[in-house]
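These entries record what I looked up in the structure. I took the sheet and helices to begin with, then the core, then the charged pairs.

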Amino acid sequence: ESALRKRANRIGYRIEKSHQQQHSNNCGEFMLIDDRNIVVLGDRYSARLDHIADYLDTLKAKRKAA
């Protein structure tokens, strides 16, 4: 989790973990947020760390291709 947080921070994102009990508006996982405070992945704290890692890998590949 720590390494993934650092990786996200380097490219302008942050990862937030839910600290509340699971309920209908909170799935108890993670959320990926960009530098404009827009939720990119994991609305309702529904993203798992492997989903976030895949998303960051996709971003990296797109940036290399550009």
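Entry 1, the sheet. I note at the outset that the model is a predicted one. I asked in which order the strands of the sheet are arranged. I found an open sheet of 3 strands in the order β1-β2-β3, with antiparallel pairing. β1 and β3 (39–41) stand at the edges with a single partner strand each, so one side of each has no neighbour in the sheet. I recorded an average twist of 40° from one strand to the next. For β1 and β2, I counted 5 bridges in the antiparallel sense. Within this sheet I located Glu-16 opposite Met-31, the latter in β2.

I looked up how each helix is placed against the strands. α1 lies across β1 and β2, and runs at about 145° to β1. α2 lies across β1, β2 and β3, and its angle to β2 is about 25°.

Which residues make up the largest nonpolar core? I listed 11 residues: Leu-4, Ala-8, Tyr-13, Ile-15, Phe-30, Leu-32, Ala-47, Ile-52, Ala-53, Leu-56 and Leu-59. At least two residues of this core come from each of α1 (2–10), β1 (13–17), β2 (30–34) and α2 (49–65). The most, 4 residues, come from α2. I noted as background that nonpolar side chains tend to be buried together in soluble globular proteins. I then followed one core member, Ala-53. Leaving aside residues up to four places away in sequence, I found that Ala-53 touches Leu-4 and Arg-7.

How many salt bridges does the structure hold? The count is 5, and I examined several of them in detail. Glu-1 and Arg-5 meet through their side chains at 2.8 Å, N to O. Glu-1 is partly exposed at 44% relative accessible area, and Arg-5 is also partly exposed, at 26%. Arg-48 forms a salt bridge with Asp-50, with 3.0 Å between the closest N and O atoms. Here too I found partly exposed residues, Arg-48 at 41% and Asp-50 at 38%.

Terms used
Residues numbered from 1 in each chain as written. Predicted model: local features only at pLDDT ≥ 70, side-chain atom pairs only at ≥ 80, totals over all residues. Heavy atoms only, no water. Salt bridge = Lys/Arg side-chain N within 4 Å of Asp/Glu carboxyl O. Buried < 20%, exposed > 50% of the residue type's maximum accessible area, 1.4 Å probe, protein only. Core = buried A, V, L, I, M, F, W, Y, C linked by side-chain atoms within 4.5 Å. Contact = heavy atoms within 4.5 Å. Pairing = 2+ DSSP bridges. Axes fitted to C-alpha atoms, helices over the stretch in contact; angles between N-to-C directions.
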